[in-house]
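The sequence and model are shown first.

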Amino acid sequence: MPAQYSLHPNIMLLSNLTQFSPMLYLTGFPGLETIEHWIFIFFFFMYLVAISGNCFILIIIKANPRLHTPMYYLLSFLAFTDLGLSVSTLPTTMGLFWFKSHGIYFGACQIQMFCIHSFSFMESSVLLVMSFDRFVAICYPLRYMVIITGQRVVRVGLIVILRGPVALIPIVLLLKAFPYCGARVLSHSFCLHQEVIHLACTDTTFNNLYGLSLVVFTVMLDLVLIALSYGVILHTVSRLASKEERLRAFQTCTSHLCAVLVFFVPMMGLSLIHRFGKHAPPAVHLLMANVYLFVPPMLNPIIYSIKTREIRHVISKLLG
């Protein structure tokens with residue numbers, strides 16, 4: 001057992017439970033128990049910004065008929081997935097730092113990991129559809145209104161968004177059939193499939209291969225298609241006559257490009273560390289997991305509020 005878990009006396013009790021026990025043990029930041037109240041304030045601030053910011057984006061788009069366009073429908077999808085990602089981790093993270101509640105029933109852990117991974121895959125899908133929207137707007141501007149319609153965006157968006165949650169169901173349900181032994185300690189304040197599967201004392205090859213395939217054919221594929229879209233966009237922008245036209249065309253992509261980087265860089269880093277960095281310091285795992293789950297939902301509303309002219313205009317009217 002890692003040395004940092006010796007700081008939690010309840011772990012020894014949990015380790016003596018039978019293999020049919022439904023309880024798992026969540027940890028926050030082992031070794032930093034003396035400053036957990038400051039950590040709670042930090043997390044509370046991030047949740048406040050993420051939840052209020054994404055709700056604000058959704059309310060603005062719904063309340064302004066001028067924003068009922070395909071681009072803002074996609075932004076609504078993004079705000080919804082960010083909101084879902086924040087709410088998915090909220091109960092256990094706040095319960096751990098506020099009420100010192102470390103135990104979680106296995107069924108609740110399954111539900112939480114399903115929600116976390118589902119909203120992550122949803123966000124990847126939304127960013128892919130948004131890149132296609134920018135691709136059509138810049139490369140085929142005269143046909144944009146014909147190709148990108150509100151009804152088509154909603155229909156395609158829903159199909160692409162639901163692929164992740166549907167594909168997740170088998171591996172999440174299969175976790176219940178595995179025997180678990182040892183202390184059953186998770187190193188985060190929330191449940192991730194990559195961690196729970198390591199607690200099983202049986203062959204988990206199917207889950208590992210299925211999970212890796214799922215990441216490759218959703219997140220990795222989305223990232224490749226987004227990169228290809230931006231490759232074509234850059235080629236098209238470089239052929240514009242003047243520097244002002246090139247700058248104006250590319251500025252329409254800056255907010256989406258920032259959202260792509262904010263989401264994909266931590267997510268791919270976390271996935272690589274869990275699969276290939278088993279000997280990395282625990283602090284690295286903790287840092288990457290928390291950046292991946294908390295930073296994108298917090299930054300995306302700020303990015304779009306600053307970079308999107310129509311939203312800035314609505315905000316200035318509300319403040320003025």
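## Strand pairing

Strand β1 and strand β3 (residues 185–186) run parallel and are joined by 2 bridges, where strands are DSSP runs of E with at least two residues, helices are runs of H or I with at least four, and both are numbered from the N terminus. Two strands count as paired if DSSP finds at least two bridges between them. Within this pairing, Leu 26 has Leu 186 of β3 as its bridge partner.

Strand β1 (residues 23–26) also pairs with strand β2 (residues 103–105), here in the antiparallel sense and over 3 bridges. Tyr 25 has Gly 103 as its bridge partner in β2.

## Basis of the model

The model is predicted, with local features requiring pLDDT of at least 70 and side-chain atom pairs counted only at pLDDT 80 or more, while totals for chains, interfaces and linings use all residues. Residues are numbered from 1 along each chain as its sequence is written, and side-chain values use heavy atoms, leaving out hydrogens and water.

## Packing against helix α6

The axes of helix α4 (residues 106–139) and helix α6 (residues 150–174) come within 8 Å and cross at roughly 150 degrees, axes being lines fitted to C-alpha atoms over the stretch in contact and angles running from 0 to 180 degrees between N-to-C directions. That makes α4 roughly antiparallel to α6, a term for angles over 145 degrees, whereas those under 35 count as roughly parallel. The crossing of α4 and α6 is right-handed, meaning that the near helix is turned clockwise from the far one by less than a right angle. Residues of α4 that meet α6 include Phe 114, Phe 121 and Val 129, with contact defined as heavy atoms within 4.5 Å.

Helix α3 (residues 70–99) packs with α6 at an angle of about 25 degrees, their axes 9 Å apart, which makes α3 roughly parallel to α6. This crossing of α3 and α6 is right-handed, and its contact is made by Pro 70, Tyr 73, Leu 74 and Phe 77 of α3 with Gly 150, Val 153, Val 154, Leu 158 and Ile 161 of α6.

## Disulfide

A search of the whole structure finds 1 disulfide, a term for a pair of cysteine sulfur atoms within 2.5 Å. Cys 109 and Cys 191 form a disulfide with their sulfur atoms 2.1 Å apart, and the torsion about their S-S bond is about -125 degrees, so the disulfide is left-handed. Because Cys 109 lies in helix α4 and Cys 191 in the loop between β3 and α7 (193–196), the pair ties together parts that are 82 residues apart in sequence.

How values were computed: Angles under 35 degrees count as roughly parallel, over 145 as roughly antiparallel, 65 to 115 as roughly perpendicular and the rest as oblique.
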